[in-house]
Amino acid sequence: MAADSEVQDIPCSSGEPTISAAEKREERLKRFRDLHLKRNESRKLNHQAVAEEDRILKLPANWESKKARLEWELKVEEKKKECLEKGENYERVKLLEISADDAERWERKKKKKNSDPGFSDFAAAQFRQYQRLVKQIKPDLEAYDKQKDDAGDEFYATANSLIHGTHVPSKAGVDRLVADVEKQIEKRAKYSRRRRYNDDADIDYINERNANFNKKAERFYGKYTAEIKQNLERGTAV
């Protein structure tokens, strides 16, 4: 037996040690186990990727922007708390962190932005007019304090107050109101809504399709039939 074991350890003529069948089998099993582990790992990663993709598809279309917005708001709240604990003004600290280039770029963006997006509905137009009129108001604090002193406790009206209807506006206020109303009338007079149909035009059609056909015919052949049309209208056609 000792001689057989010594024979197995003797290298072959090519210089490589001999490998028994058991060792080859063990090596194949080890490789098989490694491949099995890799397959399970890839299956797990694929399942995670599919689950993540399905989760993203179920999210709203603007989820990324919403998420970024929420994260930014969270940072702002944390910064405000930090400034409050230190006794600092958050607005001043925020301005100190803004570079001159960013401030200039934001200022240019503000100037380019159109504050009036145009007509969408009557409620939105009325609200824009209200905001525009409010911005034009220049409060007279002295007159306000004088009126408050004259009214006394009745200045803050209650259900039993009789101050309603006793206020007389100043001449400057009336003139300002008249000037604003005249300005609105002048602006409204300049506005002209594009009309699809001309009420003063001759009616030479029986329906909308026929009207479109007549417009095309007039565009291509109007200059040739203008004289005939005039003669028919005057009643001098031969």
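This is a predicted model: local features need pLDDT of at least 70, side-chain atom pairs count only at pLDDT 80 or more; totals for chains, interfaces and linings use all residues.
Local features need pLDDT of at least 70 and side-chain atom pairs count only at pLDDT 80 or more, while totals for chains, interfaces and linings use all residues. Residues are numbered from 1 along each chain as its sequence is written, and side-chain values use heavy atoms, with hydrogens and water left out.

The structure holds 10 salt bridges (a side-chain nitrogen of Lys or Arg within 4 Å of a carboxyl oxygen of Asp or Glu). One of them joins arginine 69 to glutamate 73, at 3.3 Å from N to O. These two residues sit 4 residues apart in helix 3 (residues 63-86), so about one helical turn separates them; helices are DSSP runs of H or I with at least four residues, numbered from the N terminus. Arginine 69 is partly exposed, with a relative accessible area of 47%, and glutamate 73 is partly exposed at 35% (buried is under 20%, exposed over 50%, partly exposed in between, with a 1.4 Å probe and protein chains only). Helix 3 also holds glutamate 82 and lysine 86, again 4 residues apart, and their closest N and O atoms are 3.2 Å apart in a salt bridge. Here glutamate 82 is partly exposed at 34%, whereas lysine 86 is exposed at 55%.

Turning to helix 6 (residues 122-136), this is where tyrosine 130 is placed. Tyrosine 130 is exposed, with a relative accessible area of 54%. Together with Phe127, Val134 and Ile137, Tyr130 makes a nonpolar surface patch of about 430 Å² (residues with over 30% relative accessible area and no salt bridge, nonpolar side chains being joined within 5 Å and like charges within 9 Å).

How values were computed
Accessible areas come from the Shrake-Rupley method with a 1.4 Å probe; for residues, only the protein chains shown count as cover.
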